[in-house]
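Student: Could you take me closely through one part of this model, residue by residue where that helps, and then set it in its surroundings? I would like each term's cut-off stated as it comes up.

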Amino acid sequence: MYYIIVNPASKSGRGRKIWTGLEPVFLQNDIAYKVIFSKGTGHVTRIVAKLTAPDRLPADASPIKLIILGGDGTMNEALQGISDFSRIRLGYIPTGSSNDLARDLGLPKNPALILQTILKGKTVRTMDIGTLSYGSAACQTDVSSADEAPAVRHFAVSCGIGFDAAVCQEALASRFKNTLNRLGLGKLTYLSIALKQLIAARSVSCDIYLDQAEEPIHLNRFLFTAFMIHKYEGGGFQFCPMADASDGLLDLCAVGRIPKPIILLALPTAFWGKHYIFPSIQHYAASQVTLRTSAPLWVHTDGEVSRKSDCITVTCTRQQLRLMM
């Protein structure tokens, strides 16, 4: 039995159409399945939590097979509902606007080909999972949004605080994004918003604690820090080209004091992973990182933004997720 969760709104409404083209594969091959359409923010998490609840997964049961048809954000919502990753097998058919997870996994662009590979069931790939916690023993305060978003979130691709999260937050509310998606130009959404956010970026300092280090890396002024499991975020920016999704480490791209005109030069180079030629952009790697800022900033997980914070702890659990590929 396959459980298929479809985000019909993904890619400006093309998610449902893509599923319509795939459903005959199950019918023609007499493959048992149940399809569920998501109905808004948080619904995918509730669906997955119900499907994967411990009372549905006795110790001798086979792993439950979930296929997510949506974007990186839909996959991120699904992760929040899983209580035991070892009992789940996930398939992913990307229908979003950025599809950074699919880009790094090297998935074909044809959804039918991806589904065919999933159903053959020949390959299960293990992948790291990141966990974001708001606040920690090292933090004095934590500033959250009024709706009190959950204190812990998992992510598959990346997490970030500062500029990149602010870009994601504006993109999620952008009507311009939907227009560009319909024209097949979704990547331009993030680039245009990034330029706008860059101009408005405020001066904030931060301390970065890698693993168990007692002394932090201090950035008197920083633009953002991205914590990467995969290489890409934001629709193809290769912020950490050295990232390995199965090594148990977070790769950090930390952008410190750098003049805004120089950022305008550096940002496009990130599409090719060449931005480290600029001295104020540094790479670090660790399995756990605590980051404190002098003011609360937006934080994202896989492009999903729910609150601001001035202190976060990010960890990586090695080879936790099992993907049907």
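Tutor: Gln319 has a relative accessible area of 31% and is therefore partly exposed, a class that lies between buried, under 20% relative accessible area, and exposed, over 50%, as computed with a 1.4 Å probe on protein chains only. This is a predicted model, in which local features need pLDDT of at least 70 and side-chain atom pairs count only at pLDDT 80 or more, while totals for chains, interfaces and linings use all residues. Residues are numbered from 1 along each chain as its sequence is written, and side-chain values use heavy atoms, with hydrogens and water left out.

Gln319 belongs to strand β14 (residues 304-324); strands here are DSSP runs of E with at least two residues, helices are runs of H or I with at least four, and both are numbered from the N terminus. The backbone of Gln319 has a phi near 50°, which is positive although the residue is not glycine. Most residues other than glycine have a negative phi. Asn99 also has a positive phi without being glycine, with a value near 55°, but Asn99 sits in the loop between β4 (88-94) and α4 (100-105), and its relative accessibility of 15% is why it counts as buried.

From there we can turn to strand β10 (residues 224-228), where 5 of the 5 residues are buried. On one side of β10 these are Phe224, Ala226 and Met228, and on the other Thr225 and Phe227, so that both faces are covered. β10 pairs with strand β7 (residues 158-162) in the antiparallel sense over 5 bridges, where pairing requires that DSSP finds at least two bridges between the strands; Gly162 is the residue opposite Phe224. β10 also pairs with strand β11 (residues 250-255), again antiparallel and over 5 bridges, and there Thr225 has Ala254 as its bridge partner.

Helix α9 (residues 260-269) has Ile263, Ala266, Leu267 and Thr269 as buried residues. Viewed down the axis of α9, these buried residues fall within an arc of 150°, taken from the directions of the C-beta atoms from the helix axis, and so they line one face of the helix. Pro261 and Leu265 are exposed on the face turned away from that buried side. Ile263 lies 9.5 Å from Leu195, C-alpha to C-alpha, although the two are 68 residues apart in sequence. Leu195 is part of helix α8 (residues 187-200), and with 36% relative accessibility it counts as partly exposed.

Helix α1 (residues 10-28) packs with helix α5 (residues 111-120) at an angle of about 35°, their axes being 10 Å apart; the axes are lines fitted to C-alpha atoms over the stretch in contact, and angles run from 0 to 180 degrees between N-to-C directions. Ile18, Leu22, Val25 and Phe26 of α1 make the contact with Pro111, Ala112, Leu115 and Leu119 of α5, contact meaning heavy atoms within 4.5 Å.

For the protein chain as a whole, the secondary structure comes to 9 helices and 14 strands, and buried residues make up 54% of its 325 residues. Among the contacts with a separation of 6 or more, 73% join residues 24 or more positions apart.
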